[in-house]
Amino acid sequence: MAIADDEFRRLIETHQRMVFSIAMRVTGDPSTAEEVAQDVFLELHRSIERLANADHIRFWLRRVAVHRSTDALRRRAHRPEAAAEEWVEDHSLEDDAPISSTGLQARLDELLRALPEPMRVVVVLRYQEEMLPDEIARMLGKSAASVKSHLHHGLKLLRRKAAVTMKEYVREPA
Amino acid sequence: MNQPEELSNEFEQELTRAMRGVDPAEGFADRVMARAQAAVPVRAKVIWIPRRIRMWAGGAIAATLLAGVFFGEEAHLRHQREQAAQQQFELAMRITDRTLEHVQQQLSDAGVRFGH
């Protein structure tokens, strides 16, 4: 039996922020994120009979949002992660350089877009969805060690980029 | 200066704070609902008929079919009988015509004149 319209609308309104945020941060593009988020909910509409309860629906939405977002990212012509690798090569910094938190929020989405895709996905799930590494591993079908490694390297890259961004930010007005 | 572990925690806390959920543009649910409704295939309307009526209807249809077969067969046999009778009548008429012609010829040969 198909889901009733008002029940489906309630599911959309409950989860739209989570699904759109994952899509937005993984793809880095609002219009792509909108399209991905709509597709995820349409897939939910077709698959709702197989989902047992609210937790299952939430888990399913997260997983499908991540997969559809990475699919969309791969379809896009440009590859920001390639630029990110070059960027890292050109700016070797100390890992534990002090970082001010001021201005980080404003730069965060831009910094995330520069992360390689697997690291970006893990960082989004860890810090946006506040999932534990083991949960992320189960969801992505990867080993916990692999997730922890992506998380560690993703954080390290983000910290480096944040440090340089902040330096530039401070230097420019002078 | 912060220790590396503290710095990492601080950075992670900052990340968690910064990565708040982002809402889609206004009307997102309406747009999804419109697409979902457009994607649902139109199904033929199913009318529920009570079991008893369905049984009666089935019986009536079967009886109509049997009656049709019976009366159809009857009409076919009647048509065949009519055709056979017609052929027999035509044959009898031809025999009668020939007999009359033969009698007329014999009378004519005997010098009997008919008519004017």
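Predicted model: local features only at pLDDT ≥ 70, side-chain atom pairs only at ≥ 80, totals over all residues.
**View 1. Chain A as a whole is built from helices, with eight helices and zero strands.** Along the sequence, chain A follows the pattern α-α-α-α-α-α-α-α. Chain A has 174 residues, and 34% of these count as buried. Taking contacts in chain A between residues at least 6 apart in sequence, 75% join residues at least 24 apart.

**View 2. Helix H2 of chain A covers residues 30-47.** H2(A) has 18 residues and spans 25 Å from its first C-alpha to its last, close to the 26 Å expected at 1.5 Å a residue. Buried residues in H2(A) include Ala33(A), Val36(A), Ala37(A), Val40(A), Phe41(A) and Leu44(A). Gln38(A), Asp39(A) and His45(A) of H2(A) are buried as well. The cover over the buried residues of H2(A) includes helix H1 (5-27) and helix H3 (54-75) of chain A, together with H2 of chain B.

**View 3. H1(A) crosses H2(A) at roughly 140 degrees.** The axes of these two helices come within 8 Å. H1(A) is therefore oblique to H2(A), and the crossing is right-handed. On the H1(A) side the contact includes Phe8(A), Leu11(A), Ile12(A), Gln16(A), Val19(A) and Phe20(A). Ala23(A), Met24(A) and Thr27(A) are also part of the H1(A) side. From H2(A), the residues met include Pro30(A), Thr32(A), Ala33(A), Val36(A) and Ala37(A), as well as Val40(A), Phe41(A), Leu44(A) and His45(A). By class, the contact of H1(A) with H2(A) has 14 nonpolar, four polar and no charged residues.

**View 4. H2(A) packs with H3(A) at an angle of about 135 degrees.** Their axes are 9 Å apart. H2(A) is therefore oblique to H3(A), and their crossing is right-handed. H2(A) contributes Thr32(A), Val36(A), Asp39(A), Val40(A), Glu43(A) and Leu44(A) to the contact, while H3(A) contributes Leu61(A), Val64(A), Ala65(A), Arg68(A), Ser69(A) and Ala72(A). Seven nonpolar, two polar and three charged residues make up the contact of H2(A) with H3(A).

**View 5. The contact between the two chains takes 28 residues from chain A and 24 residues from chain B.** Helix H1 (4-18) and helix H2 (28-39) of chain B each supply at least two residues of the side of chain B that touches chain A. That side has 16 nonpolar, three polar and five charged residues.

**View 6. H1(A) crosses a helix of the other chain, H2(B), at roughly 135 degrees.** The axes of H1(A) and H2(B) come within 10 Å. H1(A) is therefore oblique to H2(B), and H1(A) passes H2(B) in a right-handed crossing. Asp5(A), Phe8(A), Arg9(A), Ile12(A), Glu13(A) and Gln16(A) in H1(A) face Phe28(B), Ala29(B), Val32(B), Met33(B) and Ala36(B) in H2(B), with which they are in contact. The classes in the contact of H1(A) with H2(B) are seven nonpolar, one polar and three charged residues.

**View 7. Glu130(A) sits in the loop between helix H6 (117-128) and helix H7 (133-140) of chain A.** Phi of Glu130(A) is near 55 degrees, a positive value in a residue other than glycine. Most residues other than glycine have a negative phi. Glu130(A) counts as exposed because it has 10 C-beta neighbours inside 10 Å, and a residue is exposed if the number is 12 or fewer.

Methods
Residues numbered from 1 in each chain as written. Chains lettered and ligands numbered in written order. Contact = placed C-beta atoms within 7 Å. Helix = DSSP H or I, 4+ residues; strand = E, 2+ residues; numbered from the N terminus. Nonpolar A, V, L, I, M, F, W, Y, C, P; charged D, E, K, R; others polar. Buried ≥ 20, exposed ≤ 12 C-beta atoms within 10 Å, placed from the backbone. Expected span 1.5 Å × (residues − 1). Axes fitted to C-alpha atoms, helices over the stretch in contact; angles between N-to-C directions. Parallel < 35°, antiparallel > 145°, perpendicular 65-115°, else oblique. Left-handed = near helix turned anticlockwise from the far one by under 90°.
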